[in-house]
Amino acid sequence: MRWSLGLAITIVIGYSLILVLLDEFVAKPWRHRRLLQRARAGDRTAQELLSRAGAAAGESREARGQ
Amino acid sequence: MAMEYQVAEEKRLLYWLGERLIDYRLPVTIGVLLLTGFFAYCAFQLRLVTSFGELLPQSHPYIKIHNRFAGTFGGANNIMVMVEVKEGTIFTPETLNKIWRITEAIDTVYGVNHNQIESIAHRTVRYLKVAAGGTMRATPVMLGEVKTQEQADEIRRIVHSAENIYGILVSLDDKAALIRANFIEGRLDYRRIFDEVNERVVAPYRDENTEIFVAGEPRLYGWVYHYASDVLLVFVLAYCIEWLLRWLYFHDWRGALRPTITGIIAAFWGLGFIELIGFSLDPLMLVMPFLITARAVSHSIQMHDRYYEEFERHGWNKRRAIVAAFAELFVPTFSGITTDALGVLVILLVPVVMLQKLAITASFWIFAITISELLLNPIVYYYLKAPEPEIVLVRDEGIFRRVVTRAVDAILSRRGQVAVLAFWLVAAGVAGYFVRGLIIGDPTSASPLLWPDSPYNVSHQRIQDKFGGVEPLIVVAEGLDRDAMKDPATLRRMERFQRTLERDPSVGYSFSLADIIRAVNSVFHELEPKWGVIPNNWVDVGGLFFIYFSGSPPTETAKYVDPSYTTAHVTFFCKDHKGENIRRIVQRCKDFIFSGQLEDLGIEVEEDKGGTIISSVSNAVRWEQAGPSWLVSTAEHAGPGPFQRGDRIVRVGRTPVGDLASFRSALTVETANASLIDFALERNGSVVEITVVAPWKAVFKLAGGLIGVLAAANEELFRNDVLMNVLGFATMYVIVLFTYRSFAAPLFLLGPLMLANLLVNAYMAGRNIGINIHTLPLVTVGVGFGIDYGLYIVSRAIEEIRSSGNVEQAVRNALLTSGKAVSFTALSMTLVTALWSLSSIRFNAEMGSLLALWMAISYVGAVTLLPVLLIRLHPRFLVREAATVAPQD
């Protein structure tokens, strides 16, 4: 296959968009669910992370409100 | 500079700047985007162009000679087409007609010098024909297409009896014919030449029994252009892999996107600048933009990592995290960019236009990272949505963090420290042994730009095998006056020059005016071998030249001798262009020219206590005084000459003479165009000034042809290589000195870097990669890579010691924070740079592998040797920071 600049740019932009969408709509929810499952299963690290993240989210909203 | 929170005094300005950038984000963004848009527009106009003249060190004396005579005696841009038959010989009507048509086709290729085509089917290749009545004429070997086998047999007979054709344009086994065409340097369009040769020369005439091989510099660059689109494959793969790795590392698409923005903006600025100032991109330099973009991305990864860290530290306050990351990393980032940019600028020292252009553009491009990485960074973060705290927290618990923590524990343990020091000691010893094999110039006979099994190298090898040598070294014999080339002594000297150099194993064969005169003389005397000599007087020589050249237009004869018979050349066809072979051949040329001049002057010299002494004076050269000058006399006069045994040569012309080498160069310089030579001789304690009339009619001057220009390039690279390395390191030393206000700090950073440099050079020597015009800039840029890693780690260690007050703890924390980002950057960049090994252009593949290795070694040095040295030596520039107060929120 002969490579052209247009083809290369199309591929990288398309690839980036797919990765962004995958991250937002697949990977992040999946990671969160997995952390919840681990926490429910009694994983201390997961529980601690979730509680820290919850507190941090509150702080973050507060910081944004300032 | 009022701020809502407290920061250390020395960082206040940077925090203020970060805040103001966010405050004035709109005008800054508009300004940067407008400029980026402009540079992007320019970048899309950029074309891949190689200018042959820009590859040459134009101030070198060889190149001056090359430039003067390339148009007549032949340049470095030859294309060789070998037509080879598998069965039978070329002396059949069918094959000879193919050679005829291919020769005609070559003559139509863009940029060809129509008077510098050599082929048995070209008008300029002639033989002497004795006509009825004893008259002789030089007639082209082929006057048209061949119709019968008898005509083909007649051509075979002509070829076999012509010394300037048999073995040179027709192989000794009659199976191959060579067509050599020279191209005008100002009209070299490699892509067009490549396509036209394929369409007109190769494709129509290749069949079951006929193979066509094409080699030569224009063809080589044509192949390079042909493969250049590979860079897009490497770019796409690198981009995709890098995005994936960054996404996995940051657990967030913003971490993947942010460095891309930096890289793209810097690339637009860099590429746009290249176009804007009228430069172009060389396909062999495509690794360089990739490398600079990799640098931009590396800095950006550090910044993004720090942003996450500060986001957590500042209670998830985005604005404060942005400003803190900007201010805390400003010093190492800016210092890193400046060392890289100024380090590259030392390439300006090499007097090769292409390298000088590269130094300017690469330096600008690297400085452009300041805009995309530092100036725009706080604004981009401000506009991007802040990451969810969960992401920031979770990513710090991943496998990469655990591996880094374990590695840091191992390295900083007592045993680990000893192992690190022992490893680097042994590595330095081994590298020191191998680095001696590093070569200036090309280390192989094949072109190192393409793979050994590439069509080009296969063709080149086949032609070399069939015809001995095909790479020309042109030595110009420039007369002091008209008709100098009719001087029998000059012709004999040319002949001796040929016989002397032909003893070199890398010289295949040679050609000069002396060959023509001997052949003509022999034909003139009914082919009696005893007459195959150079006549003893000017009149006979002139007569023979008249016979041979009469009827040929000056444009045809000019490739042998100029119309006034003042200047001619001796061309040596070399078997390869290995750096060491070129050096040896050129040295042999210099030795021959020097000894010939001494012989003509009738003296022998030797070195004594740093001076040059005349050790003997020959009686064979008789001098007589004519007015104030001495001239060689043919009269039976045996009086004392201008030189006496024991004279110390003080000066030749205006050039002072010390040792023998300086006498050699003084004689070369002062006799270049002079018919009177002044000598200052120290005799019996006083200085005697004498003037002699040059006892020769012509002077040999180096050097044109491919070998000549490569010799010039190699000499310049050799002269500047060490200087460039010293200045490159000195530049880095000064910048690090100012960054940390310590004389010792640069030593800690440059020490591991020098060892990495040594290891990479040893690798180059081991892999047969020579220092040449293409590898040199990449090697120089590579040196700067390691300094970035060290700067981030040392800066962080300084920050950490302000809070912990303990060197070990500070270094450990630096490795766990900045060191982690450095590790990710180094590993991911090494991986994607290694993708260059997929390139069909061997040079790009090897440079990619080399730079990947460089990054890996520099990284290992920065995360092993540097921290161990900091811990064991407790440098003052680090310890003194323990006393300063940590910044408080």
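This is a predicted model: local features need pLDDT of at least 70, side-chain atom pairs count only at pLDDT 80 or more; totals for chains, interfaces and linings use all residues.
Angles under 35 degrees count as roughly parallel, over 145 as roughly antiparallel, 65 to 115 as roughly perpendicular and the rest as oblique. Residues are numbered from 1 along each chain as its sequence is written, while chains are lettered from A and ligands numbered from 1 in the order in which they are written.

**Chain B as a whole**

- Chain B contains 30 helices and 18 strands; helices (H or I, at least four residues) and strands (E, at least two) are DSSP runs, numbered from the N terminus.
- Along the principal axes, the C-alpha atoms of chain B fill a box of roughly 110 × 80 × 50 Å.
- Of its 889 residues, 52% count as buried; a residue is buried if 20 or more other C-beta atoms, placed from the backbone, lie within 10 Å of its own, exposed if 12 or fewer, and partly exposed in between.
- Among contacts in chain B with a separation of 6 or more, 77% join residues 24 or more positions apart; two residues are in contact if their C-beta atoms, placed from the backbone, lie within 7 Å.

**The four-stranded sheet**

- Strands of a sheet pair through backbone hydrogen bonds, either parallel or antiparallel.
- In chain B, four strands form an open sheet in the order S2-S5-S1-S6, with antiparallel pairing; two strands pair if DSSP finds at least two bridges between them.
- Its edge strands, S2 (112-118) and S6 (210-215) of chain B, each pair on one side only.
- Neighbouring strands of this sheet are turned by 20° against each other on average, direction ignored.
- Seven bridges join S1 (residues 78-85) and S5 (residues 176-183) of chain B in the antiparallel sense, and B:Met82 stands opposite B:Leu178 in S5(B).
- Helix H17 (residues 455-467) of chain B lies across S1, S5 and S6 of chain B and runs at about 105° to S6(B); axes are lines fitted to C-alpha atoms, for helices over the stretch in contact, and angles run from 0 to 180 degrees between N-to-C directions.

**Two packed helices**

- Two packed helices are described by the angle between their axes and the distance between the axes.
- Helices H6 (residues 190-202) and H7 (residues 217-227) of chain B pack at about 100°, with their axes 8 Å apart.
- H6(B) and H7(B) are therefore roughly perpendicular to each other.
- Residues that meet in this packing include B:Phe194 in H6(B) and B:Tyr221 in H7(B).

- B:Trp424 belongs to helix H16 (residues 414-434) of chain B and is buried, because 22 other C-beta atoms lie within 10 Å.
- Not counting residues up to four places away in sequence, B:Trp424 touches B:Leu755 and B:Leu865.
- From B:Trp424 to B:Phe497 the separation is 73 residues in sequence and 51 Å in space, C-alpha to C-alpha.
- B:Phe497 is one of the buried residues of H18(B), among them also B:Thr490 and B:Leu501.
- The 14 residues of H18 (residues 488-501) of chain B should span 20 Å at 1.5 Å a residue, and the end C-alpha atoms are 20 Å apart, which agrees; the expected span is 1.5 Å times one less than the number of residues.

**The contact with chain A**

- This contact takes 22 residues from chain B and 23 residues from chain A.
- On the side of chain B that touches chain A, helices H8 (230-250), H9 (253-276) and H14 (389-395) of chain B each supply at least two residues.
- H8(B) gives the largest share of that side, eight residues.
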